[in-house]
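Subject: Structure for your attention

Dear colleague,

Please find below the structure that I promised to hand over. The findings follow directly after it.

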Amino acid sequence: MKEVKPTPKPPKKPLIFYYIVAMIVVMLLNALLFPSMLERQVTEVSYSEFLDMVDQGEVDQVALDESDGMLVFISGEGRDARYYKTGIWPDDGQRLLNQLRSDPDIEFSSEIPTQANPLLSAIITWVLPILFFIVIGEVLSRWMVKKMGGKMPTMGNAMSFGKADAKIYVEAQTGKTFDDVAGQDEAKESLMEVVDFLHEPDKYAAIGARCPKGVLLVGPPGTGKTLLAKAVAGEAKVPFFSISGSEFVEMFVGMGAAKVRDLFKQAGEKAPCIVFIDEIDTIGKKRDGGGIGGNDEREQTLNQLLAEMDGFDSSRGVVLLAATNRPESLDPALTRPGRFDRRVPVELPDLKGREAILRVHAKDVKMDESADFAAIARATSGASGAELANIINEAALRAVRLGRRLVTQADLEESVETVIAGAQRKNAVLSPQEKKIVAYHEIGHALVAAKQTDSAPVTKITIVPRTSGALGYTMQVDQDQRNLMSRAEIQSKIATFTGGRAAEELIFGPDHITSGASNDIEQATKLARAMITRFGMTQEFDMVALETVQNQYLGGDTSLTCSAETAARVDEQVVAVVKEAHQKALKLLRENQGKLRELAEYLLEKETITGEEFMAILNREA
Ligand code: ADP
Ligand code: MG
Ligand code: ZN
């Protein structure tokens, strides 16, 4: 990968940072180290000791310290001079003065400086350390520049705030191509067009088609947005500027805007080219009216970006790419036609997409014949490209750990679980009673799922504790891609969530239910609430949206859009839905109590059982 930088980089941190550090160090030195060196050692003695010393002729020079009314005196001369100070006996002043005056050996001076030469001390405490730092800084920076094999930065660019340090890739040098991106066919197609435009602008010009000015990649984290942009850089044989939104966020107001200006200036010189701004939401957030002082800096940066986007002529072949997982937070001005006018969704991969991604990442990994990517893809519904890549890598690591040369299906399965539920906790100690509860709990889930027609089949049940804190879990895998969920399916899902607790109640009694169901409870509630507030699946509220999803791609937090009274009624409904599901689960388990016990005992013995074993026991005639 060859990367061409326009100029040697100035130091990453602004210079002011180093000056502040230097100042602090100097102050510390001054406070701790230098006083003993610079200030005279002044011994405080009692008044009577002072008088004794006067009598014995040891005092050579006396002065009154105006600041604290004490007497300062010197004994000895030259280098042997010792400094003392003492308080004056209040009533004794005049008599003492007379006595001191009459003593020919004592010199009466107006002031005895307890500080060494003030100019010298200033030099030692301030100028020297700063000089020292400057020298060190200079030496270090020379050394670093030498190490990087670059030229000495001139003063001009060490001070060049506001330079956009975008990486510029000239020609296919990111090492990524569209082949490295799997399962995002629509996104690829859309971007391919952009690449094509940059290759053959005439073809488009002949018809009068304009290239989109900006393409915005939106989607959840880890779905390959950054990867796609890199692939574009690899495919397009034009310069590719890549910069992250956060790099525009600067310490000084106006610097972000200056960087934007610089970026577009560079791009204009290199046209045709592509400019990629990753995580654009950092600078592209909605400008909100008012606010005290507000986000002047960010707003300026955004305004500059908007102005630059209007300013450049797309027929010259500068295409802007940007990626974000928070499209809803972007300023509308940024997404209007003429700016980022093409929005390319990069969604979580579907079943086929997941399989394709697994294959792409397995290319460089030695796989056993047993590896069944389709099965892994089925088991990882909802996983992002990044998670799938991680699964392959974890599997490879496991194979190495176990001293094998090939990655097997078992490695893949185990790593799916590791990625979903955390690694196995080998040394977790569960008491036999706890283990029994967990076994019944998990079989409760599985049995409720199996006894309902709308549930996905159970593929695995385990009571091996995981580092994520789960003490066991039941894995259900849909056989094919699911895009819609029916009301019946949601209800059975909620019932399945309540199945674990229901089994505990049934077997151990209501007083012995455990905290192990907390995650189930959370999920069941979430689903029940969504059913009412977002899916319009209740009679009472019909098709009224009571909640809106805030950020679609990041966890999907919701906010209420209804009055407090309605919210209270929603809560009642949520409780009713969950209660109903819970009762259904209890009923199912009660009807199949024999199987519940049989299966739980079997699981207790085996610790992990497959879906087939489970079904075999379930369907066996007693
Ligand atoms: P995003 O920018 O959308 O958050 P990235 O592009 O950084 O995600 O993806 C992270 C990693 O996940 C990539 O480097 C790649 O290894 C893997 N990955 C994600 N999506 C895909 C995909 N569609 N095909 C192949 N690999 C993918
Ligand atoms: Mg990214
Ligand atoms: Zn559970």
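Strand E3 (residues 70-75) and strand E4 (residues 82-86) run antiparallel and are joined by 5 bridges. Within this pairing, Val72 stands opposite Lys85 in E4. Please bear in mind throughout that the model is a predicted one.

These two strands belong to an open sheet of 5 strands, whose order is E1-E4-E3-E2-E5 and whose pairing is mixed. Strand E1 (42-44) and strand E5 (107-108) form the edges; each has a single partner strand, so one side of each is left without a neighbour in the sheet. Helix H3 (residues 47-55) lies across strand E2 (59-65), E3 and E4, and runs at about 40° to E3.

A further open sheet contains 3 strands in the order E13-E12-E16, with antiparallel pairing. Here strand E13 (473-476) and strand E16 (608-610) stand at the edges, and because each has a single partner strand, one side of each lacks a neighbour in the sheet. From one strand to the next, the twist averages 10°. E12 and E16 run antiparallel and are joined by 3 bridges; Lys460 has Thr610 in E16 as its bridge partner. Helix H23 packs on this sheet and touches E12 and E16, its direction making about 80° with that of E16.

In soluble globular proteins, nonpolar side chains tend to be buried together. The largest nonpolar core of this model has 45 residues, and those with the most contacts inside it are Ile461, Ile494, Leu596 and Phe614. At least two residues of this core come from each of several elements, among them strand E12 (458-462), helix H19 (487-508), helix H21 (564-591) and helix H23 (611-619). Which residues does Ile461 touch, leaving aside its neighbours within four places in sequence? Its contacts include Ile443, Ala446, Tyr473, Leu603, Glu607, Ile609 and Phe614.

Are His441 and Asp520 buried or exposed? Both residues are buried.

Two residues deserve a note on their backbone. Most residues other than glycine have a negative phi. Glu279, however, has a positive phi near 50°; this residue is in the loop between strand E9 (273-278) and helix H11 (281-284). Glu279 is partly exposed, with a relative accessible area of 33%. Glu607 likewise has a positive phi, near 70°, and is found in the loop between H22 and E16. Its relative accessible area is 27%, which means that Glu607 is partly exposed.

Finally, some totals for the chain. There are 23 helices and 16 strands, and 41% of the 622 residues count as buried. Of the contacts with a separation of 6 or more, 74% are between residues 24 or more positions apart.

Yours sincerely

Notes: Residues numbered from 1 in each chain as written. Chains lettered and ligands numbered in written order. Heavy atoms only, no water. Buried < 20%, exposed > 50% of the residue type's maximum accessible area, 1.4 Å probe, protein only. Core = buried A, V, L, I, M, F, W, Y, C linked by side-chain atoms within 4.5 Å. Helix = DSSP H or I, 4+ residues; strand = E, 2+ residues; numbered from the N terminus. Contact = heavy atoms within 4.5 Å. Pairing = 2+ DSSP bridges. Axes fitted to C-alpha atoms, helices over the stretch in contact; angles between N-to-C directions.
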